[in-house]
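My notes are below the structure.

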Amino acid sequence: MLSKKTKLRSVKDPGVSHASTYSKRYFREDVPKHVMPENSMPARAAYQLVHDELNLDGNPTLNMASFVTTWMEPEAHQIVEENIEKNFIDHDEYPQTEEIEKRCVDMLARLYNAPIGKTAVGTSTVGSSEAIILGLLAHKWSWKKRRQDEGKPIDKPNLVMGADVHVCWEKFCRYFDVEPRIVPMEPDDYVMSAERARPFIDENTICVGAICGTTFTGQNDPVRDINDMLLEFRKNKGWDIPIHIDAASGGFIAPFVYPDLEWDFRLEQVRSINTSGHKFGLTYPGLGWLIFRDEDDLPEELIFHVNYLGGEMPTFTLNFSRGSSMVLAQYYNFLRLGKAGYRHIMSNIIDNARYLSDKLVETGRFELLNGTQLLPIVAVKQVKKENYTVFDISRKLSERGWIVPAYTLPPNAQETAILRMVCKENFSRDLAELLASDIIDACEWFERGKTGKVTELSRRHHHQGEHQHLHRAC
Ligand SMILES: Cc1ncc(COP(=O)(O)O)c(C=O)c1O
C-alpha cells in the first residue's frame, strides 16, 4: 500500500511516541514513531519494540484471505536463511543461484507442456503481478512490430480480459497505455466465456487474458474455447492474437491434480503463462514465474544484457536487485516434493476445502458458488436474506482470530456478496472442522437475535476494508 505521510510537525514535536515500556528496563526515554531517533538503542530493545508491535498483526495460520504460503519446512527455512544476504541479480558473484533459476524455468516449461522443438524461455519475478506485466509488455511489443511491418497504426492497443482478472491486469493497462476491455461477469457466471469475449476483440487486441484459478471464486476461464475462437480469427481475419494465462494459483494445481485439463502450451495460441511460486508453489513471498512458449514470443528489444563473468547475461525483469532465497526455496521444493509430493499436497488441500464447503452447505444456510472450481477455495453466498450478512459473519469470526474476507463480486455480479476461504497446506482437517463450527456458531449467534450485531456503519467500513484486503492479500 502506498503510505501517506503523517502531517509533519517540527522536529521538536516528534508526534506520537512509544512511551517507555517494560518499566524503563529497556528505554529511559520515549521512542519517537515518525522521526528517526537521535541515538541508538541496544539490539535487544529494538527487537522487543518491533516484535511487540507486530503482535497486533493477524495470525498467518488463520489467514483464509491470502493465497500466499504461510508455512514451509525447517530445511527450507535453513536454505532461506543461509542465502538471505545474496542479491539475486549478482550473477557474476552467485552463478550457481542463477543456474538454479534456469533449472526451475526448464522444469516449469516442461510441466506446462512447452512444445518439443521450440525454445521456451522464462524468468523468475517478485510475484505474478510482475510476471503478468512483463508478459503483456512482450505481447504489446510483438503487436506493435507486426502492425509497423504492415504499415498500420499503432496508437490504439487494447487488452481483452474478464472482470475476473486480478487488479494487476488493469494496472498494466494504465501504466503502459493500453485500453482495458473488460468482459463483465453475469449474475450466475463468474468467468469469461469465449462468446462473451468475442465482440471485444479486434485487430488492435494485443492479447486475450485467461485465468486459471480466479482470485474471486477459484474457477477457470474456458481456455480451450478461447483458443478455438482465436484460431478462427487467425484463419478468417489474419489476426494472430496470443493468450496470456494467469495461472497465479492454478499453475501449481492443474498439472498435478487435473493433468488432462488443457489450459497450457498444449493450446496453440497460449504464448505465455505466469504462476506464483509463493502461492501453491509453496514458497514464502515474493516469487513469481513467467514462461514463454518460444523465444520468438519475447521481443529481443526487451531483453537487457548484463555483464556475466566476462560474457553477456540476458535479463527481463522490472526490478534490478532482489533476494535469492525464494528462488532457492522453490528449487528445494521441486527436489523435495517432486510431482508426487505436489500431487499429494494439492489433493489433500482440495479434500479439506470440499470438507469445509460440505459442512457449510449442509447447514442449509449457504450455497456454493464454485462447484466447478479448480482451486481449494470455498466461496459461498447466503441461501436467503437473513437478519445478518456475510460481512457480519466475517466480523464475528475475527473475534476468534479467523481472517475470512467477505466481498461483493465485480460487475455484473455486484449483487452477490460472498465469503471466500483459501485452504492452504497448513489448514488441516482439524482446522477445517473448527472453522466450520465457528461459522455455524456465528450464524446461530445472530439468529438468536443477540444484541451487538455489527452496525450498518461498521458493516460498510468493514466491507470496504475487506475489498481492499482482497486485492492486497492475494
Ligand atoms: C489470479 C491472480 N493473478 C494475479 C495475482 C497477483 O499475484 P502476486 O500477488 O503474486 O503478484 C493474484 C493474487 O492473488 C491472483 O489470484
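These entries go from the whole chain to single residues.

**Entry 1: the chain as a whole.** I am working with a predicted model. I counted 12 helices and 15 strands in the chain. The chain has 474 residues, and 41% of them are buried. I then looked at contacts between residues at least 6 apart in sequence, and 71% of these join residues at least 24 apart.

**Entry 2: the core.** I looked up the largest nonpolar core and found 118 residues in it. The residues with the most contacts inside this core are V208, I226, I245, I291, I393, I418 and M421. Which helix gives the most to this core? I noted helix α9, residues 325-361, which contributes 14 residues. As background, nonpolar side chains in soluble globular proteins tend to be buried together.

**Entry 3: I291.** I picked I291 from the core residues with the most contacts and listed its partners. Leaving out residues up to four places away in sequence, I291 touches V105, L108, A109, Y112, A120, G122, S272 and I273.

**Entry 4: helices α10 and α11.** Packed helices are described by the angle and the distance between their axes, and I looked up both for this pair. The axes of α10 (residues 390-398) and α11 (residues 429-447) come within 9 Å and cross at roughly 115°. The crossing of α10 and α11 is right-handed. On the α10 side, the residues in the contact are D392, I393, K396 and L397. They meet D438, I439, A442, C443, W445 and F446 in α11. By class, the contact holds seven nonpolar, no polar and three charged residues. I393 in this contact is also one of the core residues with the most contacts.

**Entry 5: cis peptide bonds.** One joins P285 and G286, with omega about 0°. G286 is in the loop between β8 (270-276) and β9 (288-292). Another cis bond runs from P411 to N412, with omega near 0°. N412 sits in the loop between β14 (406-408) and β15 (417-422).

**Entry 6: positive phi.** Most residues other than glycine have a negative phi. N113 has a positive phi, near 60°, and lies in the loop between α3 (95-111) and β3 (121-125). With 26 C-beta neighbours inside 10 Å, L282 counts as buried.

Entry 7: How far apart in space are E73 and T283? Their C-alpha atoms are 9.9 Å apart, and the two residues are 210 residues apart in sequence. E73 is in the loop between α1 (43-54) and α2 (74-82). I counted E73 as partly exposed because it has 14 C-beta neighbours inside 10 Å.

Key: Residues numbered from 1 in each chain as written. Predicted model: local features only at pLDDT ≥ 70, side-chain atom pairs only at ≥ 80, totals over all residues. Core = buried A, V, L, I, M, F, W, Y, C linked by C-beta atoms within 7 Å. Buried ≥ 20, exposed ≤ 12 C-beta atoms within 10 Å, placed from the backbone. Helix = DSSP H or I, 4+ residues; strand = E, 2+ residues; numbered from the N terminus. Contact = placed C-beta atoms within 7 Å. Axes fitted to C-alpha atoms, helices over the stretch in contact; angles between N-to-C directions. Left-handed = near helix turned anticlockwise from the far one by under 90°. Nonpolar A, V, L, I, M, F, W, Y, C, P; charged D, E, K, R; others polar.
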